[in-house]
Amino acid sequence: MNNFIVFLKKELKEFVKTWKLLILLALFIVNSFMSPILYYYMPKLLELSGLPGAAEQFDMSLASYYTQYYGNQFQSGFLALIFITCLAVVREKKKGTAILTLTKNISRPTFVLAKYISYVIWYTVVYVVSSAAFAAMIKVLINESINKHTIASFGLFYLIGIMFAAGAIFASCIGKNTIVSCLIGFGVYIAVFILAAIPYVNKFTPAMLLDNSITALSGNYENLLIPLLTCIGCTVLFLVLGIVSFEKQEL
Amino acid sequence: MEYAIEINNVTKKFGDVTAVDNLSVKLPKGTICGFVGPNGAGKTTTIKMLMGLIKPTSGELFVNGVKVKSGLERKLHVGYLPDVPGFYDWMTAEQYLHFCGKLLQMDKEDIRKRTAELLERFGLSGVKTKIKGYSRGMKQRLGIAQALIGDPSVVLLDEPASALDPIGRKAIFDLILSLKGKVTVLFSTHIIADVERVCDTVLIMDKGVLKVNTEINELTAKQAEHIINMSVKGEDESINTLVSTLENKEYIKSVGRNQNGIIQIVALDDMLAGREIPALINEHSLALMNYNVQTRRLESIFLEVVSHE
């Protein structure tokens, strides 16, 4: 068996055997259920609290539910994904497990790539499950069914996570310890936030995909190409930089 | 001659600190080499450089004729045990060895046989506990087992006997002895007796500098010294004359007398000393009450080499 596959299988198993999958799944699923429920009942809660006119100001469109949901996943789900992925390589370096593995006929790029792919696989599983749960909640609450535009919307938002995972792998490769790696990974996350807030610059950044995933719900795919390309470009760049830096490191 | 390990003028600096200073070593295939030196001598750094895990500042290293390059550790086919081995602690020992075997592209049957053999040899057979529940000694034994799983032709072991009880130590050094002539083993240790027992070559390093690189037999023969402790009975003046006489003998390096009256002699030839000293005692009208000879071992040579300042 190809040693990429051997190592990938080990990584996939490790995800299940340790706490990683549980945390990721819990956060994503909680958002899937809580986000639409809270949004649905928020006007009623505001009415009960006696704030006059507050409930009417709520936009109860499908796009608003998705905006709320993506916002929550961005703020907690992706952050969890980043922190978990930030530990991927650096923990192996610190624990000494990387040394024993790397002296067993596996190259450093294979080591990093197998790790990244395994994290992406589990992220994909978690993302699909949580998206399905969210879509089910939307159906129950506002009777909106899933269609090709909602699938496209999910797909675009998913890509941001793929990029964050690559950024976190990069952070994990260059960090000397887990704290440094997590800080670098958090730095990548914050940088995306900051770039998204800068006028004119933001339309060239991967963060724009968040807006694109909302407009896609109504079948509007304008201004998609550049953020899509920058997102893919950043993903590849993070991976290449991570691998190059790991190759040069003394273990 | 093709060497299993060849280190040519290797220097490694960490900032201003020179961890290894112009090291040159050649080990023929099948050699069992003990690498001794105090903490910070540069042993671990040298072994890591041989594995390609760290890059030398200058010089070249070859393993089995292949030039060692950083990041190419996988190509060396070397069994390696680091000073503190780290494992995926959610696995059992058997699962870990299977994983290592698969990474080394061994076939299923070989992995199964070799795993069973190594687990048996290192007392881990039948242990179903996950590695996270292992003692340090068990982890060390598993570390050695993983170094040997692929039947490597060169094995580098960094402190293989640390954390082991006497039974574990014996198992490891019996195994190393069994590899003699077939596999090249370089292991670092603080335990000189282990080196004397299994090695045919010894490297003594101190502060990054190689002080001794020789075969064990040659070293002990060349630097052989025998400590004789004896007590004699008789006139004090006669004893003093005997001491003076002994000081002038060419086979005696030094003579001293301690507070308890015991005469301590460092002899270069224990056989000659054993024949002549009793005769001299008799000539001085003294009675020999006690005569004890200790041959200087590698340990004292090591201490002399490293305690120069």
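Predicted model: local features only at pLDDT ≥ 70, side-chain atom pairs only at ≥ 80, totals over all residues.

Tutor: Start with the domains of chain B: the centres of domain 1 of chain B and domain 2 of chain B are 39 Å apart, taken over C-alpha atoms.

Student: Which residues does the domain assignment of chain B give to each domain?

Tutor: Domain 1 takes 3-77 + 153-219, and domain 2 takes 223-304.

Student: Why does the distance between the ends of helix α5 of chain A agree with its 35 residues?

Tutor: At 1.5 Å a residue, helix α5 (residues 108-142) of chain A should span 51 Å, and its end C-alpha atoms lie 50 Å apart, so the two values agree. Just after α5(A), N143(A) has a positive phi of about 55 degrees.

Student: What makes α3(A) roughly parallel to α6(A)?

Tutor: Helix α3 (residues 62-95) and helix α6 (residues 148-174) of chain A pack at about 25 degrees, with their axes 8 Å apart. Angles under 35 degrees count as roughly parallel, so α3(A) and α6(A) are described that way. Their crossing is right-handed.

Student: Which residues make the contact, and how do they divide by type?

Tutor: Among them are Y66(A), F78(A) and L81(A) of α3(A), and F157(A), G161(A) and F164(A) of α6(A). The contact residues divide into 17 nonpolar, 4 polar and no charged.

Student: How many residues of chain A are in contact with chain B?

Tutor: 24 residues of chain A are in contact with 23 residues of chain B. The largest share of chain A's side, 6 residues, comes from α1(A). That side divides into 8 nonpolar, 8 polar and 8 charged residues.

Technical notes. Residues numbered from 1 in each chain as written. Chains lettered and ligands numbered in written order. Helix = DSSP H or I, 4+ residues; strand = E, 2+ residues; numbered from the N terminus. Expected span 1.5 Å × (residues − 1). Domains from an automatic or database assignment. Axes fitted to C-alpha atoms, helices over the stretch in contact; angles between N-to-C directions. Parallel < 35°, antiparallel > 145°, perpendicular 65-115°, else oblique. Left-handed = near helix turned anticlockwise from the far one by under 90°. Contact = placed C-beta atoms within 7 Å. Nonpolar A, V, L, I, M, F, W, Y, C, P; charged D, E, K, R; others polar.
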